[in-house]
Amino acid sequence: MEAQMESFEQLFRDSKMASFDVVNNSLTTDVLRENKLDGRLKWRNFVYGETDTDSLLLSLQEVNPQTGETFCDLGSGYGKVVLAASLLCPGLGLCRGIELLIGPHFSALEIHKSFRTWLSENNISAAENISFEKGDFLQVDWSDTDILYLAATCFEADVLGGIVEKMPYLKSGARIISIDKPLQSDCLTLTRDVDGDMGWGDCHIFYYRRN
């Protein structure tokens, strides 16, 4: 598994770089202009950092994914967590990412193509159903998620508040992994919190279960 994940890391880096030219050539100026962030949105919410796959593996082991379950990454960026989860837990029924920014979203679609080719060429198993959606995760329905992943280090209070407001609609028994930010909700039980290490540095990881 270690060699396989090292190969995945290299594939992701190479595919991410290659995707930039494809995305820039595919998206017209008008499309990019229409998808610029509203000036009222706080830029800090969109700071990008890449999750370390070793840390992700430990988090997934903590929440114990079951066959057929749905994994969802809110603010999935270039798709690394979604693809890595599909690789680390091939029995998952769906690995889903939701991203507001158009550039990272289209890059994730291109990287996903390279990922599928890599799987086929190396006879590697991964979760079959992978979905990348462009949208505001505060508006999109993710209530059927079993494992919810939040790289929340840079999320501002209003975004965290919006996520917490949706927790009552999340299915009972769902597990939540929140990086660096605790979630205050009567419908969540904190099961564990531990120190961790991400690609951008040390962090604290909070694990919750939906009551």
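Trainee: What should I keep in mind about the model, and how many helices and strands does the protein chain have?

Mentor: The model is predicted, so local features need pLDDT of at least 70 and side-chain atom pairs count only at pLDDT 80 or more, whereas totals for chains, interfaces and linings use all residues. Residues are numbered from 1 along each chain as its sequence is written, and side-chain values use heavy atoms, with hydrogens and water left out. The protein chain has six helices and seven strands, where helices (H or I, at least four residues) and strands (E, at least two) are DSSP runs numbered from the N terminus. Read along the sequence, the pattern is α-α-α-β-α-β-α-β-β-α-β-β-β.

Trainee: How do I read the packing of two helices, and at what angle do helix 3 and helix 4 cross?

Mentor: Two packed helices are described by the angle between their axes and the distance between the axes. Here the axes of helix 3 (residues 53-63) and helix 4 (residues 80-88) come within 10 Å and cross at roughly 60 degrees; axes are lines fitted to C-alpha atoms, for helices over the stretch in contact, and angles run from 0 to 180 degrees between N-to-C directions. That makes helix 3 oblique to helix 4, given that angles under 35 degrees count as roughly parallel, over 145 as roughly antiparallel, 65 to 115 as roughly perpendicular and the rest as oblique.

Trainee: Which residues of helix 3 and helix 4 meet?

Mentor: Contact means heavy atoms within 4.5 Å, and by that criterion Thr-53, Leu-56, Leu-57 and Leu-60 in helix 3 meet Lys-80, Val-81, Ala-84, Ala-85 and Leu-88 in helix 4.

Trainee: Is Leu-60 buried or exposed?

Mentor: Leu-60 is buried, with a relative accessible area of 1%, where buried means under 20% relative accessible area, exposed over 50% and partly exposed in between (1.4 Å probe, protein chains only). Leaving aside neighbours within four places in sequence, Leu-60 is in contact with Pro-65, Phe-71, Ala-85, Leu-88 and Cys-89.
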